[in-house]
2 protein chains.
Amino acid sequence: MRDEDKIELSHGDGGKLTHQLIKEEILSRLDSPALLSLGDAAILENFSGRLAFTTDSYVVNPIFFPGGDIGKLAVSGTVNDLAVSFATPLYLTLGLIIEAGLSFGELRGILDSIAKTAKEAGVKVVAGDTKVVEKGKGDKVYINTAGIGVVSEGRHPSSIQPGDKVIINGEIGSHGVAVLSSRQGLDFSTTVRSDCAPLNDLLNCIRDLPIRIMRDPTRGGLATTLVELSHMSNMEIIINEEDIPILPATQGACDMLGLDPLYLANEGKVVMVVPKDMTEEVLIRLRSHPLGTRAAVIGEVTRKASYPASEYDGHVFLKTVIGGLRPLGMLTGEPLPRIC
Amino acid sequence: MRDEDKIELSHGDGGKLTHQLIKEEILSRLDSPALLSLGDAAILENFSGRLAFTTDSYVVNPIFFPGGDIGKLAVSGTVNDLAVSFATPLYLTLGLIIEAGLSFGELRGILDSIAKTAKEAGVKVVAGDTKVVEKGKGDKVYINTAGIGVVSEGRHPSSIQPGDKVIINGEIGSHGVAVLSSRQGLDFSTTVRSDCAPLNDLLNCIRDLPIRIMRDPTRGGLATTLVELSHMSNMEIIINEEDIPILPATQGACDMLGLDPLYLANEGKVVMVVPKDMTEEVLIRLRSHPLGTRAAVIGEVTRKASYPASEYDGHVFLKTVIGGLRPLGMLTGEPLPRIC
């Protein structure tokens with residue numbers, strides 16, 4: 001097929017065209033012995049111990065954006081969900097829901113990106129599924145990835161303590177701004193590129209350190225993630241506005257669009273809570289990795305004070321540059337749909 | 001929320017409304033300790049040995065049909081992919097892509113069905129993801145499930161041999177006809193209900209028998225599945241039209257619509273190849289289970305003859321009732337989109 005040819009409904013009928021599509025476009029790119037078997041499930045030998053298992057669907061619009069595409073996102077996002085759970089990501093499944101009319105060129109671009117990102121992250125795509133829906137019943141392509149990782153003995157989250165520090169590996173909001181800037185109808189240009197990247201190699205650098213907990217602040221942004229952490233630990237978290245890394249171009253785009261970068265999606269960021277005496281060591285190691293050069297301590301954990309908070313808001317406060325204390329809730333009433 | 005309230009885009013923003021939706025609608029139904037943790041991945045303890053890992057997306061239209069719904073299908077389909085791979089299904093992930101405008105009543109119906117079917121199949125939903133897309137960019141709801149199972153020592157497919165028998169556990173084509181009959185614009189009524197069901201309990205009855213290989217003939221139907229088996233084994237398969245179980249109502253609908261039941265989707269059927277001397281034992285055991293009462297031998301494996309076949313057609317032949325020998329290829333040029 002030429003790049004400008006289109007996927008048709010019959011590519012999803014489960015028959016000859018489906019087999020052809022899978023063999024010629026997908027299997028040829030994702031070189032995996034397990035995937036090449038014709039069986040209904042991949043068989044993975046010699047597992048032992050604790051498994052991590054996760055899934056995410058990706059519906060980002062548009063499917064190509066500065067710094068990435070839906071394929072890179074679908075691999076990175078699921079790899080990161082495993083990595084922040086202290087797991088070593090190993091295997092992915094790939095579920096494609098293609099809207100009839102997607103060009104073979106677009107599909108190939110996405111599949112190449114999936115293959116490249118999987119190789120970079122050291123994971124194998126071992127099983128997949130391809131469906132095709134009518135034009136007007138999808139949006140080019142939606143992707144689901146599920147992932148399996150192994151969790152080594154002794155690696156698990158531990159209780160957050162007062163005095164612990166909150167660290168992030170770099171600038172916030174880049175993914176959100178990059179995707180928004182490439183949306184039809186949003187007439188602004190920016191140099192910001194998505195931070196979309198697999199983080200497992202970065203997190204390998206600190207795997208022997210006693211990190212309390214890690215999260216990737218995707219949909220809902222840094223603020224929503226901190227509220228989740230505050231909730232589950234029953235602790236208060238104070239972050240300092242002036243310490244939060246952000247690109248001037250991201251801040252500029254947020255000012256122009258009236259968006260709060262604390263609520264913008266990130267796809268290559270990790271927030272971690274670490275014991276105070278580990279802070280320097282964690283920072284040094286993160287900063288020695290290309291994905292952590294701008295790592296910074298952005299706040300700390302304190303005992304819960306008596307500020308009232310609703311069920312879905314936590315005890316998270318932002319010390320603003322001008323000295324105020326602003327309570328942060330979860331993202332609400334500000335829909336930025338299809339950001340990941 | 002009342003049943004007639006609608007899902008809105010902001011239910012997918014990753015913030016407060018997303019958390020509320022997940023907690024109040026999903027977690028409340030799918031009672032699983034692993035799912036209830038707020039972490040990014042479920043942690044599953046004490047695995048050892050061989051794992052089976054699979055995924056499928058479900059885009060069936062309409063989402064409710066006689067005999068089932070997209071939720072029942074999403075659990076059954078993935079459980080069956082594991083079960084026919086000789087695995088014991090254990091854990092599922094659940095990825096929802098909801099079109100804005102889906103009613104809470106519809107969502108609840110599907111989630112109840114997922115919970116009921118998972119309980120029936122003995123599997124746990126341990127991780128999930130919920131996205132919302134704009135009206136006109138989806139079709140009520142698409143579901144992805146990924147599944148993990150364990151494969152006991154010594155359980156694996158083995159080579160198909162000449163003389164082996166081909167067995168199916170019941171009537172073909174019911175799922176395809178049931179879904180088609182409930183499509184808008186297709187003006188026919190039928191008593192046929194989808195066969196959609198988890199098959200792991202049925203297959204447990206024969207788990208100690210030396211089954212060569214198993215497949216669930218879903219999209220593409222029985223004929224496409226047999227062509228796949230013929231391809232991978234490099235053997236010829238001859239099936240007898242008069243031995244293939246089919247409901248008179250299914251045959252009637254096929255005659256009326258000009259469809260071939262050999263190419264209609266099944267969602268509660270398994271095709272297996274068994275050594276000849278095991279045939280009776282397998283049949284007795286299958287027939288003793290509610291999902292196998294109409295189990296039948298439908299054909300046998302022979303050495304490949306010299307009939308020419310294209311790359312995507314196999315060496316599968318149908319002995320017709322009137323004595324002819326019809327070659328069967330994969331489904332082609334007959335798109336029945338969104339059947340599963």
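Helices (H or I, at least four residues) and strands (E, at least two) are DSSP runs, and they are numbered from the N terminus. With that convention, A:Pro62 is placed in the loop between strand E1 (42–58) and E2 of chain A.

Before going further, I must state that this is a predicted model, in which local features need pLDDT of at least 70, side-chain atom pairs count only at pLDDT 80 or more, and totals for chains, interfaces and linings use all residues. Residues are numbered from 1 along each chain as its sequence is written, chains are lettered from A and ligands numbered from 1 in the order in which they are written, and side-chain values use heavy atoms, with hydrogens and water left out.

In chain B, the peptide bond from B:Asn61 to B:Pro62 is cis, with omega near 0 degrees, and B:Pro62 lies in the loop between E1 and strand E2 (64–65) of that chain. Phi of B:Phe86 is near 70 degrees, which is a positive value in a residue other than glycine.

I turn now to the domains of chain A. The chain is divided into domain 1 (9–151) and domain 2 (165–328), with bounds that come from an automatic or database domain assignment. The C-alpha centres of domain 1 and domain 2 of chain A lie 28 Å apart. In contact (heavy atoms within 4.5 Å) are 22 residues of domain 1 and 24 residues of domain 2 of chain A. Buried area is the accessible area (1.4 Å probe) that two parts lose on being put together, summed over both. Between these two domains of chain A it is about 1,800 Å², and carbon and sulfur atoms give 62% of it. On the side of domain 1 of chain A, A:Pro66, A:Asn80 and A:Val84 supply 30% of the area buried against domain 2, more than any other three residues.

How many salt bridges are counted between domain 1 and domain 2 of chain A? The count is zero, where a salt bridge is a side-chain nitrogen of Lys or Arg within 4 Å of a carboxyl oxygen of Asp or Glu. Four elements of chain A give two or more residues to the side of domain 1 that touches domain 2: strand E2 (64–65), helix H3 (70–83), strand E4 (88–99) and helix H4 (104–121). Of these, H3(A) gives the most, with eight residues.

Finally, the two chains. Chain B can be laid on chain A with an RMSD of 0.0 Å by a turn of 180 degrees and a shift of 0.0 Å along the axis; the superposition is by least squares on the C-alpha atoms of residues with pLDDT of at least 70 in both. That is the relation of a two-fold axis. The same surface serves both copies, as 100% of the contact residues of chain B recur in chain A.

This contact takes 83 residues from chain B and 83 residues from chain A. The area buried between chain B and chain A is about 6,600 Å², with carbon and sulfur atoms giving 58%. Eight salt bridges are counted between the two chains. A:Lys137 forms a salt bridge with B:Asp139, in which the closest N and O atoms are 3.9 Å apart. As for secondary structure, E1(B) gives the most to the side of chain B that touches chain A, with 16 residues.

Thank you for your attention.
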